[in-house]
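Work through the exercises below with the sequence and the 3D view side by side. Try each task before reading its solution.

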Amino acid sequence: MTFTTPAALGIAAAAALAAIALHFIATRRPPPTPFPTARFIDDEQARAARRAVHPSDLWLLMLRVLALLALGAGFAGLRPAPSWHARRLWLVDRSRAVESMDQVRRAVSAAPGDVLVLFDSTAREMPFDSLRTATRVDVRGSLSAALAAALRAGARLDVRAESLAVVVVSPSAVEAVDSATALLRASVRGTVRWIKVDAATARPTERRTVAAPNARDSAWTRAGDRVLVWWPTDSAPVTAHAVSTEGTTLVAPLGRLRVGAGVTVARWEDGTPAVVERVMGRGCVREVGVRAPRAGD
């Protein structure tokens, strides 16, 4: 057991010592005795108050001390002591970026662990036995979702930072990283180690760019590993703007269009989405909110 505010115990102990000291230094006056006629009093006799030689009311003193200590223990907040032995937390990628789940299973079996999190576009805490039957999912991976799950699991384990080891098994694909990944990585208590497995071989992707998709375009996108680029036209005025994506920034006279919901691929300089991507069947749709000028690059 441990205390959340151990200083409260020190204050209570000091108060108990003060109560004991006050109890022993208190003086006792003898009971008053009525004097008879003054002429019968011997001139050499005198009465004076003196301290009690033997302490009294010990039960009352004990009750006061116990009450003070109990009050201090209440403010100190007694709770079970956390376990300080080392814990290992596995974050295992099963997204389309992974070439082989067999390689992932071999990496995990090399060292025991306490928590297993399987992640693709989402992250789920699973028993270790489920890894034997886990299959690769043909969706984009999200390291942010995996690190968020690690934060929740680390808080539940209640261990010291130096006792927690987070192991990420992933090809570390660029598509799995977003704007929140670095912040979540910095928030994880403990060490984070990466075991890089082989990335899936890139497959040729069919692309089609349209200004306004129709039902035929949607059916084409759903049928295979295809990307439908939706780049609408607009007559909005063109002004100088900056667009950033994957560490690259473009500053040019660009027009801004409103885009819908989806995973942000590029942003304007104020942080609002400029290009988003949405899954559609086996393919995806990229909606572009950047209106390029008619002339120039």
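**Exercise 1.** With which side chain does the side chain of Ser95 make a polar contact?

*Solution.* Before starting, note that this is a predicted model, in which local features need pLDDT of at least 70 and side-chain atom pairs count only at pLDDT 80 or more, while totals for chains, interfaces and linings use all residues. Residues are numbered from 1 along each chain as its sequence is written, and side-chain values use heavy atoms, with hydrogens and water left out.

Step 1. Find Ser95 in the loop between strand E3 (87–93) and helix H3 (101–109). Helices (H or I, at least four residues) and strands (E, at least two) are DSSP runs, numbered from the N terminus.

Step 2. Look for a pair of N or O atoms within 3.5 Å, one able to donate a hydrogen and the other to accept it; residues adjacent in sequence count only if both atoms are side-chain atoms. The partner is the side chain of Asp93, at 2.8 Å.

**Exercise 2.** Decide whether Ser95 is buried or exposed, and list its contacts beyond four places in sequence.

*Solution.* Step 1. Buried means under 20% relative accessible area, exposed over 50%, partly exposed in between (1.4 Å probe, protein chains only). Ser95 has a relative accessible area of 1%, so Ser95 is buried.

Step 2. Contact means heavy atoms within 4.5 Å. Leaving aside neighbours within four places in sequence, Ser95 is in contact with Phe119, Asp120, Arg136, Val137, Val139, Arg140 and Gly141.

**Exercise 3.** Describe the largest nonpolar core.

*Solution.* Step 1. Such a core is a set of buried Ala, Val, Leu, Ile, Met, Phe, Trp, Tyr and Cys residues joined through side-chain atoms within 4.5 Å.

Step 2. The largest has 21 residues, of which Leu89, Leu91, Val117 and Val166 touch the most other members. E3, strand E4 (115–119), helix H4 (143–157) and strand E6 (164–169) each supply at least two residues of this core. H4 gives the largest share, eight residues.

Step 3. Apart from this core lies another, of 16 residues, among them Val92, Val98, Leu116 and Leu118.

**Exercise 4.** Which residues of helix H2 (residues 58–76) are buried, and which exposed residues lie on the face turned away from them?

*Solution.* Step 1. The buried residues in H2 are Leu61, Val65, Gly72 and Ala76. Seen down the axis, they fall within an arc of 45 degrees, so they line one face of the helix. The arc is that of the directions from the helix axis to the C-beta atoms.

Step 2. The face turned away carries the exposed residues Trp59, Leu63, Leu66, Ala70, Leu71 and Gly74.
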